[in-house]
Amino acid sequence: MIDIHCHILPGLDDGAESMEMACAMAEMAIADGITHVIATPHASQEYAFIPKLVRARRDELQARFEGRLALATGCDFHLSFENLQSIRLDPTRYTLHQKSYLLVEFADYAIPPSLDQALHELQLAGLQPIITHPERNPLIRAKSERLFRWLRQGCYVQVTAQSLLGRFGKSAQMKAEEWLDVGAVHFLASDAHNITSRPLQLKETFDQVAGSRGEETARFLLEENPRAVFEGKPLPWVPELDESTEETLPARRRKRFWIF
Ligand SMILES: [Fe+2]
């Protein structure tokens, strides 16, 4: 499996606190069957993103795991005015493995209408935005239509693997399941921060998705689409979006959620 979103690099944000913890997270990933990881430190008001430093930490960690785990760098890009100005000057500064895909994170408390335009501008700059864990955002959960609009606009969606295991609460889990059902999810990733509450593991989620939706779907979400991102290639799997919103889903489908 390939993880496109995690905070494994030490001392850069609220992820790994030390090189020892980063090594423990890497060992955890290897034991879980993960072969490639894109380390994505935050770029937000709280955490400065300094590519040179990110690269140095990556090189140090990579040297300890050569031949066992492939490490690339990217960024957990907070969609702020300052970041947007910065990315205009240097589009690949923040992208995953310095290719064309960009993780985009929204604030939990406000989603201004100008976001649609901001996403569009990123696309015009040749970038492919990946909306991160919308299932954990109460504002997006309350209005799937907003997310679907971004999808129609050509954005992609990454759900946190642990959300499907219920570790971010029932609402996030149900919404993640529902969006998987309607073809609104393209990636599952760990968003790991440590070795306890936010571990660098994907296998349990892989098994759950393989059990409920088939192994092929699990492979696309956790291997094939992430590999395309790693390599900067077009996604091999983009399911057709069923544009019915929760409110307008046929009774038959609604009933299925109750059975779950
Ligand atoms: Fe993150």
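How far is the sulfur of Cys-23 from the closest cysteine sulfur, and in which residue does that sulfur lie? The sulfur of Cys-23 is 13 Å from that of Cys-6, which is too far for a bond. The legends below describe close-up views of a predicted model, in which local features need pLDDT of at least 70 and side-chain atom pairs count only at pLDDT 80 or more, whereas totals for chains, interfaces and linings use all residues. Residues are numbered from 1 along each chain as its sequence is written, and side-chain values use heavy atoms, with hydrogens and water left out.

View A. A disulfide is a covalent bond between the sulfur atoms of two cysteines. With a disulfide taken as a pair of cysteine sulfur atoms within 2.5 Å, a search of the whole structure gives 0 disulfides. Cys-155 is in no disulfide, and the nearest cysteine sulfur, that of Cys-75, is 16 Å away. Cys-155 is buried at a relative accessible area of 2%, and Cys-23 also counts as buried, at 15% relative accessibility. Here buried means under 20% relative accessible area, exposed means over 50%, and partly exposed lies in between (1.4 Å probe, protein chains only).

View B. The iron ion is coordinated by NE2 of His-5, NE2 of His-7, OD of Asp-76 and OD of Asp-191, at 2.1 to 2.3 Å. Donors are N, O and S atoms within 2.8 Å of the metal (3.2 Å for Na, K and Ca); water is not among the atoms, so sites may look incomplete. Along the chain, the donors of the iron ion follow the spacing H-x1-H-x68-D-x114-D. The arrangement is irregular because the 4 donor atoms subtend angles of 84 to 174 degrees around the iron ion. Four donors count as tetrahedral if all angles lie between 85 and 135 degrees; four count as square planar and six as octahedral if opposite donors are over 155 degrees apart and all others between 65 and 115; anything else is irregular. Both His-5 and His-7 are buried.

**View C. The largest pocket.** The largest pocket has a volume of about 710 Å³. Among the 29 residues that line the largest pocket, His-78, Glu-105, Phe-106, Ala-107 and Asp-108 are the closest to its centre. The elements that give two or more residues to this lining are β5 (76-78), α3 (81-89) and α4 (114-124). Helices (H or I, at least four residues) and strands (E, at least two) are DSSP runs, numbered from the N terminus. By class, the lining of the largest pocket has 11 nonpolar, 9 polar and 9 charged residues. Ala, Val, Leu, Ile, Met, Phe, Trp, Tyr, Cys and Pro count as nonpolar, Asp, Glu, Lys and Arg as charged, and the others, Gly among them, as polar.

View D. A search of the whole structure finds 2 cavities of 30 Å³ or more. On a 1 Å grid over the protein atoms alone, a cavity is a set of points where a 1.4 Å probe fits but cannot get out, and a pocket is an open set with protein on both sides within 12 Å along at least five of seven lines; lining residues have an atom within 4 Å of a point. Grid points are joined across faces, edges and corners, and a volume is the space filled by probe spheres set on the points. The largest cavity holds about 70 Å³ of space, and its lining includes Gln-162, Arg-167, Pro-199 and Leu-202. The lining of the largest cavity divides into 3 nonpolar, 3 polar and 3 charged residues. The second largest cavity has a volume of about 50 Å³; Phe-106, Asp-108 and His-133 are among the residues that line it. The lining of the second largest cavity has 3 nonpolar, 3 polar and 2 charged residues.

**View E. Backbone at His-97 and Gln-98.** Most residues other than glycine have a negative phi. His-97, although not a glycine, has a positive phi of about 55 degrees, and phi of Gln-98 is likewise positive, near 55 degrees. His-97 is placed in the loop between α3 and β6 (101-105), and Gln-98 is found in the loop between α3 and β6. His-97 counts as partly exposed at 24% relative accessibility, as does Gln-98 at 33%.

**View F. Ala-189 and Leu-202.** Ala-189 belongs to strand β9 (residues 187-189) and is buried, with a relative accessible area of 0%. Ala-189 and Leu-202 are 13 residues apart in sequence and 7.2 Å apart in space, C-alpha to C-alpha.
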